Amino acid sequence: MRTRTLTLAAAAGAALLATAALPAANASGSVNPRSAQEGSVSAADLLAKVTSCSQISNGKYKTDDETSATVPVCGKNGAVFWKADMDIDCDGQVTSKCNGDTDPWFQDDTAFHQSDGKALRAEALPYVVVPSSSSIWKYTSAGIKGGGVVAVIYNGKVEYAVVGDTGPTKIIGEASYATAKALGIDPDPETGGADSGVTYILFKNSQVSPIESHSAAVSLGDSLAKQFLQNN
């Protein structure tokens, strides 16, 4: 479980990885190449449905400790969404990219776990961090749960992820190493991330099983994204 957030370096927003084929986790947690755009629903079509916000949170969130609270959680038919930055979560199983040496704030656990009971693998599995429940917003009351599907949109690309970890009660905008890398965002847990421009659409009452199957997240996410376009 997250107890801190990563403050982005000043130049982090400018650091982008190549947008060619990028690695993704399959059900076994191994890495296979895939294109940056996932599913059949375009980023533009999804973004067109979230141009205005019907705020469902009792207040707003900060994107980092030192910023003011400006980000609301918004409600739509079948989903909630927010627009924020992306800090990098490298918590979970120790891997070559995510460990105590690469991440000064590394923790070897995540709020939600694989089907075998182990923590998630941030390096391989695209997942999103939701704020821990507080007086601002309680994610479970909105039908959001561990393993729920999230469409993460950045720079014209859509990446499907799962709800995999929880973070600080007053900060929003965080996703796993694998999520960032797939979207062309610098995934370095200490200096990477994106300062702004990331949209997170969380589909209500959805759940990927097993949570570690990225292919299942993409399949379910694409179906839910189509429903989202029809219902909004």
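Helices (H or I, at least four residues) and strands (E, at least two) are DSSP runs, numbered from the N terminus. The model is predicted: local features need pLDDT of at least 70 and side-chain atom pairs count only at pLDDT 80 or more, while totals for chains, interfaces and linings use all residues. Residues are numbered from 1 along each chain as its sequence is written, and side-chain values use heavy atoms, with hydrogens and water left out.

- Strand S6 (residues 149–154) is largely enclosed by the rest of the structure, because 6 of its 6 residues are buried (under 20% relative accessible area, with exposed over 50% and partly exposed in between; 1.4 Å probe, protein chains only).
- Val149, Ala151 and Ile153 cover one face of S6, and Val150, Val152 and Tyr154 the other.
- S6 runs antiparallel to strand S7 (residues 157–167), joined by 6 bridges; two strands pair if DSSP finds at least two bridges between them.
- In this pairing, tyrosine 154 stands opposite lysine 157.
- S6 is also antiparallel to strand S9 (residues 194–203), through 4 bridges, and valine 152 stands opposite tyrosine 200 there.

**Backbone exceptions**
- Most residues other than glycine have a negative phi, and most peptide bonds are trans.
- Asparagine 155, in the turn of the S6–S7 hairpin, has a positive phi of about 50°; asparagine 155 counts as exposed because its relative accessibility is 53%.
- Asparagine 205, in the loop between S9 and H3, has a positive phi near 55° and is exposed, with a relative accessible area of 60%.
- Proline 210 is in the loop between S9 and helix H3 (214–231), and the peptide bond from serine 209 to proline 210 is cis, with omega near -5°.
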